[in-house]
Amino acid sequence: MNRALARILLSLAFCAPAAAQDVKKEIERYRQMVSEGSPAELFELEGEALWKKPQGPRQASLEKCDLGLGPGVLKGAYAALPRYFKDADRVMDLETRLLHCMTTLQGRSREEATQRVFGNADRPSEMESLSAYVAAQSRGMKMAPGESHPKEKAAYELGRALYFQRAGSWDFACTSCHGEEGKRIRLQELPVLLKPENARSVAASWPAYRISTSGFVTMQWRMNNCYQQMRMPEPAFGSDTTVALIHFITVTGKGETYQGPGNKR
Amino acid sequence: MQRDFHARGQAGMERVVQDGIQRVCTETHNQPPAELARRLEADQMKTIAFPQASLIGDWKSGERIAQNGRGMQWTDAPGTPNGGSCYNCHQLSPKEISYGTIGPSLAGFGAKRGSGPELQRYVYGKIYNAKAYNLCSQMPRLGYSGTLTEQQIKDLVGLLLDPASPVNQ
Amino acid sequence: MKGIGAANSAPSKEIVIDAPQIAENGAVVPIEISSNIPGTSSLAVVLEKNPFPLAAKFDFMEGAAPFVKLNVKMAETADVRVVATAGGRHYSATREIKVTIGGCGG
Amino acid sequence: MAGPMKMRATLAGGYTEVRVLMTHPMTTAQSGQPLHFIQNITVKLNGKALIEAEVSQAVSRNPVFSFRLKGGAKGDKIEVTWLDNKGESNKIETAVA
């Protein structure tokens, strides 16, 4: 396409009100091209090394960590999370469970293991790389979080209630942004996570590489960052609040084939 | 929630405690009974401090405030001026292609409606405390919450109503 | 810039630049480039508004196709210019990419 | 210490498509951090260099490149090396699938 023509098309795309559809189409094309060239797999490699690396006072690796399907079973484990764990007597998502294994198998303190759960582009966190590795081992499998145990049911109900809970300086709830179909913030479309048709692709693509920060992001991070933008205080890593929301979203999106780690804005 | 959250930066634990409006809107999924809504909206109206004289400030400053999505988060340094996050949810200047759609488009707002004193008052009040006009509005109470100053809100009124503002081109 | 011959290049429609018209994030702008000019021995990507405009230059020996896909950084809306060298001559094509703000900005 | 690399080389209609991922910060002079970026990349097929690239700090962090080599057969050896402005380097090898 020559430059003059490109300019005419651009001026049409950005000035004419009818062209909003074109902007949307181009943004979708951008995301498609970015996901084809995503470095997400690099984090899986890093995570695999960390999974096998002896750490903590016991100099143990995580290779015997029971993610729900038995010690060391990785295949399909992520697709069955969050779920109730008898040994901890609570519902856990992937990161909460990894933290559990770090404290029980490796003998690390909770303080030390959660000191830096969210990394950055220069230095991804251990939790992020491990999440990438473990989640990738469920690729192609159907998302089927636990739903039968009373505590799993309670976590779902709590998550749903929290989704509507308005608070903070700006009176926000999850529904403020993710409550109505077809809405967006800036150019980012906002899935209504109360609806299976929206929650499915979310459940099937997290954790993910985040283009805007060149880092890897997890669901615990997503909850933390939403509360930050809701102008709330900070939720604790692996708290009942964040696990319940993650459980609620994953159960709502169950049945989708896991395709992550994905790519986010 | 008290157990699961902790204060960080400027975001104190008082923020997890719901006020009356937040509670009513949570419990009713943002569909409060009409009578209750009217009463509580009237209460909110009383919180708005309308300045004397013209409410139309500098639209250029207003555009910067509208573009700025920072402020009030635990990552934001207290003391630095907050943004209004307006473009996150509204279309304003038609030149900006990256705008949200949670709120209605405000492109051409003043060009369609004029800039008279009544309208100035409405726009100022709506930005200061949106809940005075629609109890369970998703829009933050930007003046009431201490997010924006009187001058900043005037500048946003300018952005919407000043005939020279890009919003009205 | 001198070394790649951008200044004295002839416009060519045989250079294909496949890129989105709008990039949601300037930190990652995907660009796929190729040349149908016979004997293309190099392709260079020039980002016209960047502080260091020459983003990358690829030399293709016999056995490699003049094709590459990469991600570049762009601070603002600008023209992307691709300069192809074939038989000692320089050819170029440009394409504008608009860089926008993606999310909450907070 | 250089971070991991990943590469795939697949036959696709008469050419070999090579996709390579590199872990690298690619920091710019503007970022306030020390300038640190990959400068040279070489793609070899069975030991013979087919593509030589000079790269700048304008390439995105954690670079991903796709190249196309004419022909190629299953089992051919592809090797990609990079060298950065601090003299660090890394290399990955894979067989065409």
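In this predicted model, the contact between chain D and chain C (heavy atoms within 4.5 Å) takes 26 residues from chain D and 26 residues from chain C. The size of an interface is often given as the accessible area lost when the parts come together; here the two chains bury about 2,100 Å² between them, 55% of it on carbon and sulfur atoms, where buried area is the accessible area, taken with a 1.4 Å probe, that two parts lose on being put together, summed over both. On the side of chain D, the residues that lose the most area to chain C are D:A58, D:S60 and D:R68, together 25% of what that side buries.

The elements that give two or more residues to the side of chain D touching chain C are strand 4 (48-55) and strand 5 (64-70) of chain D, helices (H or I, at least four residues) and strands (E, at least two) being DSSP runs numbered from the N terminus. Strand 4 of chain D supplies the largest share of that side, eight residues. Strand 4 of chain D also pairs with strand 6 (residues 54-60) of chain C in the antiparallel sense over five bridges, pairing being assigned if DSSP finds at least two bridges between two strands. Within this pairing, D:I51 in strand 4 of chain D is the bridge partner of C:F60.

Chain A holds an open sheet of three strands in the order 6-5-8, with mixed pairing. Strand 6 (215-217) and strand 8 (262-264) of chain A stand at the edges, each with a single partner strand, so one side of each is left without a neighbour in the sheet. Strand 5 (residues 208-210) of chain A runs parallel to strand 8 of chain A, joined by three bridges, and A:Y209 has A:N263 in strand 8 as its bridge partner.

Over all chains the count comes to 31 salt bridges. In one of them C:D18 pairs with A:R29, the closest N and O atoms being 3.1 Å apart; C:D18 lies in strand 2 (residues 15-18) of chain C and A:R29 in helix 2 (residues 20-36) of chain A, so the pair joins two chains.

Residues are numbered from 1 along each chain as its sequence is written, and chains are lettered from A and ligands numbered from 1 in the order in which they are written. Local features need pLDDT of at least 70, side-chain atom pairs count only at pLDDT 80 or more, and totals for chains, interfaces and linings use all residues, while side-chain values use heavy atoms, with hydrogens and water left out.

Technical notes: Salt bridge = Lys/Arg side-chain N within 4 Å of Asp/Glu carboxyl O.
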